[in-house]
Amino acid sequence: MVLFSDICHYREIIRRVDPEDIREVTRHLFQESVNIIERYGGYIDRMLWDGLMAVFGMPCTHEDDVVRAIRAALDIRRMAERLGRAEAGCIGEPLSMRSGIAYGLVVTGVTQKESGRPGLTGDTVNLAARLRDLASPGEVLAESGTFSSAAGFFRFEALPAVAVKGREAPIAVFRVADAVVRPEKVRRVHGLKTRLIARGRELKQMRDAALRLHRQAGTVLTICGDAGTGKSRLIAEFKASTRRSRICWLDGYAYTYTRAVPYYPFIDMLNRFFDIDEADGDTVILQKLHAGLGRWVADGDTVASYLAGFYTPSSLETVVSDQEVFKSRLQQAVTCLLSVLSRKAPTIVCLEDLHWADPSSLSLIRCILREPGLPLMFVISYRSSLNFAHGENGERVSHAWEHIHLRDLDVAASRAMAQSLIGTRAIPEALDHYLTSRVAGNPFFIEEVINALIDAGRLKRIGNRWHFEDMVAIPDLSSTINSIIHSRLDRLGRNAKAILQEAAVIGRVFHLTLLRRITDFPEVLTACLDQLAGQGLIRRQADPHEPVYRFNYGIVQEVVYNGILKKERRTIYEKIARVLESDGRP
Ligand SMILES: Nc1ncnc2c1ncn2[C@@H]1O[C@H](COP(=O)(O)OP(=O)(O)OP(=O)(O)O)[C@@H](O)[C@H]1O
Ligand SMILES: [Mg+2]
């Protein structure tokens, strides 16, 4: 992801305004912009005289780099407007930034002499710069790749297509209007949707818990599983199934980029429930909380002011100097809200993706789950990397605690999912083989493979039906699947990642003895393999003679393998060949 942002009408401003004054304003503006970009994990590639270029997804990939880049652009816009208002006396006209964002590959060129950093070039960089040039003051413009990857998170407005140098056809341009209050991850499956496959038992378990709510019996239901195993889908199906039963729903999410924001899932929950917009200032937030609570709570003022503490912890902390008292006020306020709601109607609180929650949120959730007398159903989802139950046990929670561990689909269910996606039972053999051998039942990967086939023109819709063409081999996987896998790999740490690369060159299945003889990291090998197995990337096979490991997904092995520079790949192959030769193998 490449983002260009610059100050609008900069030339005119410097012509009119005292250079000393404008230098101070722009210094402040650029410093704040850099802070915003770094907060979203972006990398400043270069500072221009009137703006900057940033890259997201380098050196570290995140599975939501597109969302991060757009949020950064919107935050920069808001910050510039605020600064412009504050400095109106000095600049004389509104200060605004405009941005262009493009999604795609960037080419790392020769190291820049001045900065010592790699210079980035390529089509994506040119496109982002062109979009920035086309943008009017305050506008954030994006192309179709950005639009389709972030459609659930922002409101976009389509603009007329424009011609771009170096491209034959005009490109579609979208203006980012703003962030939506209730974002949804929209998977890019060309509008295809499957029925729910093989999760009937889990859905029934959830519905039974919801039925118990009518008898004032609460449940804590935790759902854990690796990325893409279907946690959100199961919750969405459950939510849809309760639609007719007068249930009050509250939901809050954690995101990769809100990890450092204290209590974010609670903030998100309040935003969604009280219709609070991100752009709302403290006063508006307090008004909305107050108005929303006034309907149910007698002492609405106090509860609203405590809840407002989630947004500006510092304001309440200055009044309440003791951290523990501050926390207990937040807990009191949430408990009060939930208990009032649950007296009015059966209430379900759903907190998703808590593997990205900050420690204060996790601690607050655990405290709330221990509160007696809340006849609620809590649905809490997280990836297997979080040990949510750590330090907890069923007896310490005031409700019945149930747990669902979602695993990958079996062969028959994977096939059924592919059939349901494209609405035909006739799946070509090459695809069937690929899904069962490489994808191994992960629903997200199954969807992405179908996606990749459509993108590559191998699967075409003719009338109402899908037709396969030239299905001898499966083409490259789409970029989303690559970035999800890369973002997991980036979090591994250097040694574990390097070991995984060595293993990927050996193959989908690798013997520990061979890996030990070729690795550059023999002293940390066992610890790293344990870590990789803990992350669900590989597993040890039951083999009584010799320890053998296997990549859980062929796709992961492929992406790791393709991510190794050719030169390094050759070095690893040579080491493997030497070991095999010394063992007398051909
Ligand atoms: N049992 C299923 N039947 C049909 N489709 C499914 C099933 N499980 C998941 N999917 C589809 O697979 C995709 C990935 O599922 P989902 O987003 O629910 O995974 P997740 O576990 O929430 O992943 P993450 O940890 O990334 O949030 C979705 O498009 C979803 O609709
Ligand atoms: Mg999910």
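**Figure 1. The interface between domain 3 and domain 4 buries about 710 Å².** Carbon and sulfur atoms give 54% of this buried area. The model shown here and in the other views is predicted. Across the interface, 9 residues of domain 3 are in contact with 7 residues of domain 4. The count of salt bridges between domain 3 and domain 4 is 0. Taken over C-alpha atoms, the centres of domain 3 and domain 4 are separated by 28 Å. In the domain assignment of the protein, domain 3 covers residues 412-477 and domain 4 covers residues 488-582. The assignment also gives domain 1 (2-178) and domain 2 (200-406).

**Figure 2. Helix H9 crosses helix H14 at roughly 70 degrees.** H9 spans residues 264-274 and H14 spans residues 359-369, and their axes come within 8 Å. Because angles of 65 to 115 degrees count as roughly perpendicular, H9 is described as roughly perpendicular to H14. On the H9 side, the contact is made by Tyr-264, Pro-265 and Phe-266. H14 contributes Ser-361, Leu-364, Ile-365 and Ile-368. By class, this contact of H9 with H14 has 6 nonpolar residues, 1 polar residue and no charged residues.

**Figure 3. A salt bridge joins Asp-6 and Arg-132.** The closest N and O atoms of the pair are 3.6 Å apart. Asp-6 lies in strand S1 (residues 2-7), whereas Arg-132 lies in helix H5 (residues 123-134).

Methods. Residues numbered from 1 in each chain as written. Chains lettered and ligands numbered in written order. Predicted model: local features only at pLDDT ≥ 70, side-chain atom pairs only at ≥ 80, totals over all residues. Heavy atoms only, no water. Axes fitted to C-alpha atoms, helices over the stretch in contact; angles between N-to-C directions. Helix = DSSP H or I, 4+ residues; strand = E, 2+ residues; numbered from the N terminus. Parallel < 35°, antiparallel > 145°, perpendicular 65-115°, else oblique. Contact = heavy atoms within 4.5 Å. Nonpolar A, V, L, I, M, F, W, Y, C, P; charged D, E, K, R; others polar. Domains from an automatic or database assignment. Buried area = accessible area lost by both parts, 1.4 Å probe. Salt bridge = Lys/Arg side-chain N within 4 Å of Asp/Glu carboxyl O.
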